[in-house]
Amino acid sequence: MKRRAALILLPLIALLLGAAAKPSLVPDVSQRRIDIIYSFTGAELLLFGAIVYPGGRAPEKPADVVVVVKGPAEPIVLREKQKIAGVWMNAENARFRSVPAFYAVASSRPLKGLVDDRTAAIYELGLRNIQLSPASGETPEAQRRFEAGLVDLKRRGGLYVESPDGVEVSEGVLYRARIAIPARVPVGSYTAETFLIQDGRVVAAATREIEIDKSGFERFVAIVADRWSFTYGLVAVAVSVALGWAAAAAFRKK
C-alpha cells in the first residue's frame with residue numbers, strides 16, 4: 001500500500017518541482033488609464049517588469065520577451081471595390097465578428113526567430129496571426145485576401161504595429177518596451193500581455209488591464225450622444241444652423 005502511494009506521489013512531486021523551476025514574470029504598465037481630452041494627440045505606454053528565475057540567477061542564454069497590447073474587439077464589414085464598366089463599385093464584402101481595434105506587438109528579437117508558426121498562431125504573436133473571426137462564407141482564398149486587406153488598412157492607419165526590436169532586456173532580468181497609442185485609438189478596455197519565450201516555447205505569461213476613455217467635455221458629449229441621441233441630433237443641427245447664420249451675417253456686414 002505504501003509503495004502504491006509513493007508511486008502515485010512521485011509524478012505529483014516531479015510536476016511541482018518542474019513548475020517551481022520555471023521562470024515567472026512581474027510586469028507593470030506606466031498607465032492603467034488613458035484619458036482622451038480635446039487636445040489628445042496620442043500617448044506613449046511604457047511596459048516594464050522583471051523576469052524571476054529559479055534560484056535568482058539568469059541562464060547563460062537569456063530568455064526573450066514579447067509584449068502585446070490589443071483591444072477592444074469590434075465587428076467589421078470590409079468591402080472590396082472593383083472597376084465595373086469604368087466605374088469603381090463595391091463588388092464583394094466580408095464580415096468579421098471580432099477584430100481588435102488596436103494591436104501592437106513588440107519583441108526583443110524578430111518573432112520568426114523566437115517561435116514556430118504554430119506557437120505564434122496560438123498566442124496571436126504578430127500581425128499575420130491575429131484571430132479575426134470571419135463570419136462570412138467566402139472561399140479560403142477570398143478569406144485570406146480580405147484578412148490581409150483588413151490588416152493592411154489597420155497598419156496604414158497606425159492602429160496595427162509590429163516592432164521586431166521594440167523590447168529592451170537588461171542584464172537578462174529587466175525588460176521594457178514603449179508602445180505608441182495613436183490619437184485615433186478607440187475607447188474601451190485593452191490588455192497588455194507579456195510573454196517570456198525560451199528555446200522556442202512560451203514559458204511564462206502575464207496580463208495587465210488598461211482602460212482608455214474620454215474625459216471632460218468629450219466624455220459629456222459622448223454620454224449625451226449615447227443616452228439622448230434624438231436630443232443630441234437636434235442640438236447639433238441647431239448649432240450648425242446658428243453657426244451658418246452667424247457666418248452669413250458676418251459676410252453681409254463686410
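Residues are numbered from 1 along each chain as its sequence is written, and side-chain values use heavy atoms, with hydrogens and water left out. Because the model is predicted, local features need pLDDT of at least 70 and side-chain atom pairs count only at pLDDT 80 or more, whereas totals for chains, interfaces and linings use all residues.

The chain contains five helices and 10 strands, where helices (H or I, at least four residues) and strands (E, at least two) are DSSP runs numbered from the N terminus. Of the 254 residues in the chain, 32% are buried; buried denotes under 20% relative accessible area, exposed over 50%, and partly exposed in between (1.4 Å probe, protein chains only). Among contacts (heavy atoms within 4.5 Å) between residues at least 6 apart in sequence, 71% join residues at least 24 apart.

Three aromatic pairs were found in a search of the whole structure. Rings of Phe, Tyr and Trp (its six-membered ring) pair if their centres lie within 6.5 Å, and planes under 30 degrees apart count as stacked, over 60 as edge-to-face and the rest as tilted. The pair formed by Y103 and Y160 is edge-to-face, because the ring centres are 6.1 Å apart and the planes stand at 65°. This pair links distant parts of the chain, with Y103 in strand 5 (residues 87-107) and Y160 in strand 6 (residues 160-163), 57 residues apart. Y103 is buried, at 0% relative accessibility, and Y160 is buried at 1%. In a further ring arrangement, the charged end of R145 sits over the ring of F146, 5.3 Å from its centre; the criterion is NZ of Lys or CZ of Arg within 6 Å of the ring centre and within 35 degrees of the ring normal.

L47 lies in strand 3 (residues 43-52) and is buried, with 1% relative accessibility. Beyond residues up to four places away in sequence, L47 touches D28, V29, V67, V69, Y175, R176, A177, I179 and A192. One of these partners, Y175, belongs to strand 8 (residues 174-181) and is buried at 3% relative accessibility. The C-alpha atoms of Y175 and G49 are 5.7 Å apart, although the two residues are separated by 126 residues in sequence. Q198, in strand 9 (residues 188-198), is also buried, at 18% relative accessibility. Its contacts, leaving aside neighbours within four places in sequence, are P23, Y53, P59, K61, A63 and V203.

The lining of the largest pocket comprises 14 residues, of which L111, K112, R128, N129 and E162 lie nearest the pocket centre. A pocket is an open set of points on a 1 Å grid over the protein atoms alone, where a 1.4 Å probe fits, with protein on both sides within 12 Å along at least five of seven lines; lining residues have an atom within 4 Å of a point.

Most residues other than glycine have a negative phi, and most peptide bonds are trans. A cis peptide bond joins G71 and P72, with omega about -25°. E171, which is not a glycine, has a positive phi near 55° and is exposed, at 75% relative accessible area.
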